[in-house]
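Reader: I'd like to go through this one with you. Can we start with the helix packing?

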Amino acid sequence: MDISKELEIIITEDGSSSLRRKDLGEGYHSTHGAIAESEHIFINSGLRYFHKQHPKKRINILEIGFGTGLNAILSLDFAISQNQEIYYETVEKYPLNDDIISSLNYGKIIGKEEDFLKIHSVAWNKEVEINKNFSLKKIDSSAEEINYKEDFFDIIYFDAFAPAFEEKLWQETMFSKLYASLKGKGILSTYCCKGDVKRALKSSGFIIEKLPGPKGKREILRALKP
Ligand SMILES: C[S@@+](CC[C@H](N)C(=O)[O-])C[C@H]1O[C@@H](n2cnc3c(N)ncnc32)[C@H](O)[C@@H]1O
């Protein structure tokens, strides 16, 4: 499905760009700052937290909702700065076209434009080495239709559209699959703190922890596979 006509480019409060789906009235990131939000929820509360607790040669990350590639380029930046090997698998139901991608300013802001364009231009459904620290596999599919490798991932960035738009993704069936795909001590980070979501995560076996949110958001969630 081509959704380009439904997309609007916006600039958020920290100067980073983002997208908004006009048909859904839903943004890809917080208007208070796309980079600031991703750094807070996925990099600092997810990747940096895990990396500090479990130093290991390679960290396997699964992202639900590749979108603009912002979480991917921030993770690549982390991998380079820490000399950490990362395997990054990401799933997207509505891939973006080249015009939209070229209007995003993340690569320029963080000084990794070449890597950002490479992340977007590499083939889908195939593992590709972006650099010596970062390997990427992008899958163009609905996240709920995939059978994920079990006992494999260390971290899941759960960054799909909100439950009001993608209800199936936020239910126990999906979280149980993701639970099985994580290794013990693995974590899932997400921006959504709704009661139903917390209950579904708990019923799937996760231990959940509420953390302070980024600007404009009171709380976020980190879920642990014990
Ligand atoms: C909140 S946006 C965040 C995207 C991305 N992480 C970013 O930083 O740009 C949610 C993303 O999930 C994608 N998405 C929505 N439903 C999905 C589904 N069922 N399976 C996979 N991706 C989905 C959307 O197209 C969108 O790119």
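Author: Helix H1 (residues 34–53) packs against H2 at an angle of about 55°, and their axes are 10 Å apart. Axes are lines fitted to C-alpha atoms, for helices over the stretch in contact, and angles run from 0 to 180 degrees between N-to-C directions. Helices (H or I, at least four residues) and strands (E, at least two) are DSSP runs, numbered from the N terminus.

Reader: What does that make H1 relative to H2?

Author: The angle makes H1 oblique to H2. Under 35 degrees counts as roughly parallel, over 145 as roughly antiparallel, 65 to 115 as roughly perpendicular, and the rest as oblique.

Reader: And is the crossing of H1 and H2 left-handed or right-handed?

Author: The H1 and H2 crossing is right-handed. A crossing is left-handed if the near helix is turned anticlockwise from the far one by less than a right angle, and right-handed if clockwise.

Reader: Which residues meet there?

Author: From H1, Ala34, Ile35, Ser38, Glu39, Phe42, Ile43 and Leu47; from H2, Leu70, Asn71, Leu74, Ser75 and Phe78. Contact requires C-beta atoms, placed from the backbone, within 7 Å. By class, the contact of H1 with H2 has eight nonpolar, three polar and one charged. Ala, Val, Leu, Ile, Met, Phe, Trp, Tyr, Cys and Pro count as nonpolar, Asp, Glu, Lys and Arg as charged, and the others, Gly among them, as polar.

Reader: Experimental or predicted?

Author: This is a predicted model, in which local features need pLDDT of at least 70 and side-chain atom pairs count only at pLDDT 80 or more, while totals for chains, interfaces and linings use all residues. Residues are numbered from 1 along each chain as its sequence is written.

Reader: Back to H2. How does H5 cross it?

Author: The axes of H2 and helix H5 (residues 113–121) come within 10 Å and cross at roughly 130°. That makes H2 oblique to H5, and the crossing is right-handed. Ala72, Ile73 and Leu76 of H2 make the contact with Asp115, Phe116 and Ile119 of H5. The classes there are five nonpolar, no polar and one charged.

Reader: New topic. What surrounds the ligand?

Author: There are 20 residues around the ligand, the closest being Gly65, Gly67, Thr68, Lys93 and Ala143. Near means a C-beta atom, placed from the backbone, within 6 Å. Helix H2 (70–81) and strand E5 (85–92) are the elements giving two or more residues to that shell. The shell has nine nonpolar, six polar and five charged residues.

Reader: How many helices and strands in the protein?

Author: Seven helices and eleven strands.

Terms used. Contact = placed C-beta atoms within 7 Å.
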